Each structure stands twice: as C-alpha cells, then as structure tokens.
Amino acid sequence: MGKILHKAELAAKIFEYVVEAPRIARKAQPGHFVVVMANERSERVPLTIADFDRQRGTISLVLMVVGTSTMQLSALKEGETLYALIGPLGRPSEIEACDTVVMVAGGVGTAPVYPIARAYFDLGSRVISIQGSRTKDLLFWTDRLTSVSHQHIITTDDGSAGRKGLVTEPLRELLQADPAHRIACVYAIGPAVMMKACAKCTEPFGVKTVVSLNTVMVDGTGMCGGCRVELRGQTRFTCADGPEFDGHLVDWEKLLSRQKIYSQQEKCSLDRYVEQWKERHE
Amino acid sequence: MSEKKPERRKTRVPMPEQDPGVRISNFKEVPLGYTPEQAREEAGRCLQCKKPFCVEGCPVNVDIPGFLRLIAEGRFAEAAQRIKATNCLPAVCGRVCPQETQCEERCVLGKKGEPAAIGRLERFAADFERENNLIRLPTRADATGKKVAVVGAGPAGLTVAGDLILLGHEVTIFEAFHKPGGVLMYGIPEFRLPKDIVEKEVEYLRRLGVVIELNQVIGKSITVDELFGEEGFDAVFIGVGAGLPRFMGVPGENLGGVYSANEYLTRSNLMKAYAFPEYGTPIVRGRNVCVVGGGNVAMDSARTARRLGAENVYILYRRSREEMPARAEEIHHAEQEGIIFKLLCAPLEYTGDERGMVRQVRCQEMELGEPDDSGRRRPVPKPGAEFVLETDLVIVAIGSGANPVLTKQTKDLGLNRRGYIIANEAGRTTRAGVWAGGDIVTGSATVILAMGAGKAAAKDIHGYLCGDGQVVQSPGSFRQ
C-alpha cells in the first residue's frame, strides 16, 4: 500500500503519481480525498483523488509543489513508498444526471475535476469544461478532460493557449446564453480565489455552484477541526462534511485568511529545506 | 509478625522532578522517577492488608499489595510481571492514571498520613523492567483459530488486543493514524508521557503477536461489514475514542490562532510541531495564550503553550477551583509553571486583526448558582461584569463528542442520543459480534477506565469465541 508505480511530471512543478492502494481504489468515488505523508517527519497533506482503477487497485494523485511538504512528496521516485496514505476521506460528489453541467478547472484543479466530469459524461449529461491556467505550459490532462466533455474551453492569463483571460469570462457567457436554464450545476475547483470568483459569477444567475475546498487539515477524519469553514455562519468541517460545499454559502474571506495562518512558518521551512537540499547536492 | 517494628513514615517518599524554571523550556518528562532505594522504601510502607481496598479501587484490579511487596523485596522485574498479569500498559498507567481518586484514595495509610505512592511504584517497576531489558513474554494459550479485529489502537484497543492474544486468538488492530497509541500519542504531551515509552509498550504487544495495521479508517477504507466478510474476522471491538472536538459557538471562534485542544495537542504531540521545522507540521506560537476549560486536556494544552514560548498562559474556567475536573497533580504542575488561573469566567467573543488572526478575547465573569445535573454548582453570568484580555492563541478544551466516521457507516449499531455507542458492562453492543469500549461508549473519560472497559470486553469476547457463538441480548442492562 502506498507504493508509487508510476510518476510523471505533467507540467512544471506538477506531478502525477499512480499509487498502489487496492483498499482505497475499491471505495474511491469522485470527490474523495486522501491524506499522504512523504516521511515520518512530514506534514499530513490532503490530496483529492484524481483517478482510480479498481481492477488494478491503484489511485492517481496530482500534486503541485508549493511548499516543503509538497516538495518532499515530489522528491519520491517510482518504486518508493509513501510513508502514509489514508483514505478515501470526505464525502463523494453528489452526482445526478442532469441536462448540462459546467466544470471549471483552475490550475491543478483539473485533477479533481476530471473524475467528476467523467461521471456526468457517463450518465449522459452534457458536459462543458472550462480549463484555466496561468500559461500554456502549466496545462495538463487537456486530452483527458476533452474526452469527457462535449465542449472544452481553455483560458490562459497570458493568452499563450485558448482564450486570454480568466475562467469566469466564458463561464458568464455560458450562463448568459442559457435562457432555458439547461445548465443545472457548475463545479468550480482550483485555487480559493478562483473558486470564489466563480461563485460570485454564478450567484446572480442562481445556478447551483459546487466548490471543493482545500483547507489546512491534520487528521482528515473530523477529529481536529483545523479545516473548519463557515457557511452562512454555520461552522462545518471540510474533511468530514466536505470537501465539496455550496460555493454561494462559503464565507470566502474567512477561508482565505485561514489558509494563510501558517504562511510565515511555511516560508521559513521552505527556505531551510531548499538550503539543505543545495548543501546535499553541492 | 516481627516484634520490633521500625517506625513507618507517614509521608510518601518524594519523587524528584525537573525544576519548573528549567522544564518550561523543554518537553522532557517532569517527574524523574524513583531510584531503586526510594522505590523499596516507599513500597515498604504498604501494610499488606488482608482485604486490600486499593485493588477494589483499580478499574483493572491490579494485585497492588503483591507488586508492592515484590518491590520492597527488591524483586523489581517480578513486580512488573505481576502488574502485567492484569494490566498490559503499566508504564503508561503509572504516569497518567488518576490514582488519587482510585487505588490511592482507598489506601488505609491515607487515613493517618499519605497513602502509598502506588502510581509512582507502578511506573518504577515498569521502567526498571524495560530499561534493563528484563521484559519476558508470557506464554500464549494454544491457537483457537479465531480472529478478532480491534478498531483503534488507543488504551481500550491495546488492552483488548493484549488480553485476547494471550488467550490464543489472532488479533489485528486497525489504527487511523500513522502511529499506534491513540490518545497516548496524539493527546497526552511528551512531558507527561514520553512517546518512546508508548512505542515500547506497543512493541511489547507486537512481540506477543498482535498485528497493527496503520492508516486504516474503519468506516472509510474498510467497513465493519467487510471486517466480518472478506476480512474474515469472528469478532470486532470498537475503541475509536471520542474524537470530535467541541466548540462553544461564540463569535470569532474560527479566527486563525483559535484551536480545538484536539488540533493543538495533535500538532504538538503526534506531529511534533514543537520541533518545527525539523518536523513538517507548524503550530501557532502565542505570547499571550488563553486555554478555555478546566480539565486535564486544558492543563496539557496550557503547559504545552508555555513550553512553546508563551509569556502569559491563562486558564479560563467558568466554575471555581473546587469544580475543576483536572487531576490535582496536573493543576499543581501547571501552577508551578506559572500558568495563571482565571476562574469563574467564560469567553463571549474573540476579535482578530486584519489578517484574521485572533487578538482579543472578551470574557464574562460568572458566579456560582444552584447545583446542576452534574451536582456541581451552575455558573451564572454576573450582569455587566466583563473584561478583555489580549491574546494571540486560544485553545478550546471544553471536551469532545462522538466522532461519527465509523458509527454512521455501521448498520445495526445502536447509538444513544449524543451519538455514543450503546454497550453493556461487558462491552456488548446491539450488534451481534461487535463490542465497544472506552470514550466512544462513555464519552471523554480516563485511560484506565478505557482499559477497564477493554478488559471486560476481552473477557466477554473470549467467552463468545470459545462458546457456541450465540450472543445473548440483554438490552435492559445497556448503559445509555
């Protein structure tokens, strides 16, 4: 359990791991996440399950390097084993056949979006996906997402691929061009600011908008409450009650500030880690 | 008996401790333990009562006069083995049991002086045996061919496993965390219970043949149905603890720097955030820390914050000192370490800065009114009496509830109104073949009570596995 069978660099600092995890693969559903540790001293990091293969007993995880913990994970090679792998955790996506669903994937959010889009596609819903990225080189799994979408739109901040601009622009246009209200639901998964912008964008249209929150977590089983989030004044635990929530109810300001609780310490830790890494490799 | 009795000392032999001024800047254990001479002297105070009340006061009925006599005679390893006949975690219990309300409270010596220091001596015997590599594995009964799954590697689960493995059953413990020990690992700080001792006690169970599967959340990766089905177990014991943090619901409680005690202690103890960045998990280090609550967990949180560099640590407790549920020794140690007790007050609201980090707490002063259901006088707000404290770290230690991860996924498992598993004195639940014990049955209690529940369940599971496999339901005796 936890052995890395395959590792690929999907884009700069974005890695895909196919990990041996038969018990998790058997239970995994779109929307579930796992908690991983690189080594005995590492932080526990939550990662959404990006894909699963029940026959082969594997799950896929996509990881973007943002700090020490993700850097430690990204240093693991094929054949090595994660120190800890726990899951599947959280509640799965609530997927019901509907006319049309819009899947908005921001950056590394493409990974969790893919299995949800596939589930809707397999149910016969019309899937429109919007895949946004800073620049062309950071796009990944475009082929996979296209294969489960009836329409696929790419946006980049710098215009190096697809439309220049933010994901909210085509999202707004789709909603404006939908007088018959065929779009039953929007999923927006990516950085918190992007999910917030999508929720704000869809709110005037009254279209249900599901977001998958990436809060700080420790155990991932509802034991610590570090991942708490406010939904219109009601406190919820992301790990046990989520990670998916109604984006129109989330208190985004509180979420964004809770994500930054450790930013100073994370920076110190990363500087130290990079320094040590350099020393070892000189 | 001998004609001339030596004068028996009325007070117990003191145990050396780390000086408070030194220990507030390290995480090493506070009490240093007895030397062999001190242990023999203290054990010699035992009157060897014919009808030992101390044993009745022990939830697992350790043969206390027996092991004290062995210590007095200098037969330390034998003393440890005597304890282990009924208690597989003596080094832990010697440190964290509330002896003063159990065995030691019943000690006859306590009537005219101080009771025998049973806890300290239990610790001494276990430490002596372990440190001198004198641990002997007891012989296991012949294999029964029966398989028992234990869910949760905390005090209840470890006890069940330790008892059933000796009786010849195969035992596998499933633990959700990456380290076994449960609350002994994530909850109780290093300075009160060194983690290498917990690891050694768990190692002892492994050597007996107990299999421990880490990182398995039963109810998620494997269900209880599957434990009986494809996993092939004949009985299941659930000892998952009461892992659901409680918050007060006051404004500002979700600001950065406001923790549940569960999170704060898990970060520091299990994840070793006190050694950040050598360990990857960060923790907020406060200068002015408020801990809300008056139990052992509150004391552990306050003393941890002190060691992490806090200048002022306040315990905010809504009743008076007499009602505090923490052990006397914990309160004493906290006071020695300069923890400030703000009694008869409760937080009303937290306010933060522009970064969303907590900066102030507004408190309500209380006074004691009529006794409530618990028999303790109910705290009532004093009208208009409020005060404000500057704070940059708040730890909410007001108890925990029943975590539903397993119970929600398990059918036919009767729960009470608050979500705890309904079980009788032997730990039997409403589902055949499933036992439960510890905090998931009783709500937050102590290590030794969980162990007592584990012992009772192990005995009953053994009877079930060796009998005809019929579970006799007796709902009338189920504890609600």
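Me: Is B:Cys46 buried or exposed?
Reply: Buried: in this predicted model, B:Cys46 has a relative accessible area of 15%. Anything under 20% counts as buried.

Me: What about B:Cys54, buried or exposed?
Reply: B:Cys54 is buried too, with a relative accessible area of 10%.

Me: How many disulfides are there over all chains?
Reply: The count comes to 0. As a reminder, a disulfide is a covalent bond between the sulfur atoms of two cysteines.

Me: Which cysteine sulfur is nearest to that of B:Cys46?
Reply: That of B:Cys49, at 6.3 Å. The two sulfurs would have to be within 2.5 Å to count as a disulfide, so B:Cys46 is in none.

Me: And which one is nearest to B:Cys54?
Reply: For B:Cys54 the nearest cysteine sulfur belongs to B:Cys46, 6.5 Å away, and B:Cys54 is in no disulfide either.

Me: OK, new topic. How many helices and strands does chain B have?
Reply: Chain B has 18 helices and 15 strands.

Me: What is the radius of gyration of chain B?
Reply: It is 23 Å for chain B, and a compact globule with 480 residues would be near 23 Å, so the two agree. Along its principal axes, the C-alpha trace spans about 65 × 65 × 50 Å.

Me: How much of chain B is buried?
Reply: 59% of its 480 residues count as buried.

Key:
Residues numbered from 1 in each chain as written. Chains lettered and ligands numbered in written order. Predicted model: local features only at pLDDT ≥ 70, side-chain atom pairs only at ≥ 80, totals over all residues. Heavy atoms only, no water. Buried < 20%, exposed > 50% of the residue type's maximum accessible area, 1.4 Å probe, protein only. Helix = DSSP H or I, 4+ residues; strand = E, 2+ residues; numbered from the N terminus. Rg over C-alpha atoms; globule rule 2.2 N^0.38 Å.
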